[in-house]
Amino acid sequence: MTKKRCGRRLIMYEIRNVLGNPFVYMFGIFFPILMLFIITKAVQADVPESMIPQTNTAVFITMSLIIPMAVVLLGYSSNYSQELEKEIPLRMQLFGFSPNTTLLAKIIAQFAVMSIGLVLYTIVAYSTLEMEIPRPGAALCLIISLLLLSGIFFALAHGVATILKKFGPTYAIMMAVYFGVMVLCGMMGVQVEDLPEAAQKVAALFPMSYITSDFAGFWTEGNYNFTPLIQSFLFFGAVSGIILLIALRRERREVTEKRM
Amino acid sequence: MLVTIKNLQVYYGRQLALEIDRPLEINKGERIGIIGSNGAGKSTFVKTMLGLTSYKGRIQTELKPEQMAAHLQFNDYVSTMSVRHVLETLLDTSISKNSRLQELITYFEFEECLKKHYKSLSGGQKQRLTIIMVMMQDAPLTFYDEVTSGLDFETRQRLMERLLKWYEGKSNTLCIVSHYYEELELLANKLLILDQGKVIDYGEKETLFRKYCGNSIITLDAGEEHGRLTEPYRKLEAPSHLIALACRGKTEEEDIAKLLIRNNVNFKRSSSDIEIMSINAKKAYYQERGNGGVDHD
């Protein structure tokens, strides 16, 4: 018997695992599209006709954030915490898959499903709504930001699920983070600049706030000061990274103790 | 020698969950039944062997953890996954290209289950899924921890028959944890008796039986009259509803049998009753250590 590697079969298994969660379809694919249509329809009445493509684009950028949040942050944390509860990672280990191999397959699967969701969302938006065509650089900025966010969300979700090892508390925390971030980062109809000052200060710590407020401004033309966005990425990434490190250290300690 | 265990101690917090103070050897091809009541340390033994718990002491083996296969008490998989994908992924093979896997699927009449999602399987089907995967690993050392618990009598019987037949003539070493003594009578040639984390005894099934019960035993229903009738004979420790008589030889066995037949008393004769043997092993163990109390139903 040999140790098994992260091959096509394991990755496909993990993709099926992600897609087996109905919330991924509901919140990761249908919900952002639904929100896109509802909000664009609602704001169209208040803006001049010439501004409609710009407004639609701003809503499109904002709602695109829901995809990594729903698929990775909520979907992965709930899936993985349930797996931990049922000791499925242990069974994978007993069948020759090391924790690192399984983790790699899970990361690839999450990015694959998130990307599929994003492509579908973009196709629906650009084929049904009047949208601005982005400069390649601006589109790339959004794609990179969403991929970076997915990585950070994965670290946070994996860390919290690994520490708590229970579906209930993990789901409760992730739901609170999900809705908290949606409210703070302007995804629930109230823009960041309209929030109370204290809330704005908290919102400034999250990259999502800059994406919802600023990305539409340089979608087709103009310059943008990336410093606050990068700082927020570093901060949010560091917090999630620390949580993940604590989780992995605890796991490693347990494994070390087990082999005394 | 496949595995040698020396001075092993496993603690859960401050509680000693398992202690193996005398060297315990597991040899190639042995079928070891592990018995004991709840909390005896049976599952702890399995997990320790698999490297899943911390321990003090030594487990000497050339086997790596991935060379051991295990059917644990709880064997869950992703509930929304189809059984085919669980099988193919965990075994890293394709059913259509693996004749050995096809053989096992047919052997366990599992073809229909392949299309189902894991959550739709019945208890017996779930057990069969893990058994197929564990057998496919064809590991030199395989653990079956309460493989038939929670199954109805008929399913249990069928599963055991198949397990027995599959391993017939094979050199894999099996460690089988079970509460069902009749399963161990069929499957095991050695027994490891555990109680409250201690090794009560370990050895060949027949040797242990002779050590604690004699040549054979005769059991009959407990009752005042039966008690009086069998008074002259040596009684063994037995569950409260039974009287167990130890027969030192053929003559004594025949005497008892004649007496019971004459008095129209139903009885059973056995030379391999694991339940009575383990109860008396426990009694002897605690008496030796100045604690005669043995609880049994």
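How many helices and strands are there in chain B? In this predicted model, chain B contains 10 helices and 14 strands. Its C-alpha atoms fill a box of roughly 65 × 45 × 35 Å along the principal axes, and 38% of the 297 residues of chain B count as buried. Among the contacts in chain B with a separation of 6 or more, 70% are accounted for by residues 24 or more positions apart.

One part of chain B is an open sheet of 4 strands, which has the order 12-13-11-14 and antiparallel pairing. Strand 12 (235-236) and strand 14 of chain B stand at the edges of this sheet, and each has a single partner strand, so that one side of each is left without a neighbour in the sheet. Strand 11 of chain B (residues 216-221) is joined by 6 bridges to strand 13 of chain B (residues 242-247), the two running antiparallel, and by 3 bridges to strand 14 of chain B (residues 268-270), again with an antiparallel course. Because 5 of its 6 residues are buried, strand 11 of chain B is largely enclosed by the rest of the structure. Helix 9 of chain B (residues 250-262) lies across strand 11 and strand 13 of chain B, and runs at about 20° to strand 11 of chain B.

Elsewhere in chain B, Tyr144(B) lies in strand 7, which spans residues 141-145. Tyr144(B) counts as buried because 25 C-beta neighbours lie inside 10 Å, where the cut-off for burial is 20 or more. When residues up to four places away in sequence are not counted, Tyr144(B) touches His71(B), Leu174(B), Ile176(B) and Val177(B). Of these, Ile176(B) is 32 residues from Tyr144(B) in sequence, yet the C-alpha atoms of Tyr144(B) and Ile176(B) are 4.8 Å apart in space.

In chain A, an unreviewed UniProt entry places the feature "domain: ABC-2 type transporter transmembrane" at residues 10-213. Over residues 10-213 the chain is 80% helix and 0% strand, and the end C-alpha atoms of that stretch are 39 Å apart. Helix 6 of chain A (residues 99-128) and helix 7 of chain A (residues 136-164) pack at an angle of about 140°, with their axes 11 Å apart. That angle makes helix 6 of chain A oblique to helix 7 of chain A, and the crossing of helix 6 and helix 7 of chain A is right-handed. The contact is made by Ile107(A), Gln110(A), Phe111(A), Met114(A) and Leu118(A) on helix 6 of chain A, and by Leu146(A), Ser150(A) and Phe154(A) on helix 7 of chain A.

The contact between the two chains takes 24 residues from chain B and 20 residues from chain A. On the side of chain B that touches chain A, the elements giving two or more residues are helix 2 (83-90) and helix 4 (123-137) of chain B. Helix 2 of chain B gives the most to this side, with 4 residues.

Key:
Residues numbered from 1 in each chain as written. Chains lettered and ligands numbered in written order. Predicted model: local features only at pLDDT ≥ 70, side-chain atom pairs only at ≥ 80, totals over all residues. UniProt positions renumbered as here; feature names shortened; annotations may be inferred. Buried ≥ 20, exposed ≤ 12 C-beta atoms within 10 Å, placed from the backbone. Pairing = 2+ DSSP bridges. Contact = placed C-beta atoms within 7 Å. Axes fitted to C-alpha atoms, helices over the stretch in contact; angles between N-to-C directions. Parallel < 35°, antiparallel > 145°, perpendicular 65-115°, else oblique. Left-handed = near helix turned anticlockwise from the far one by under 90°.
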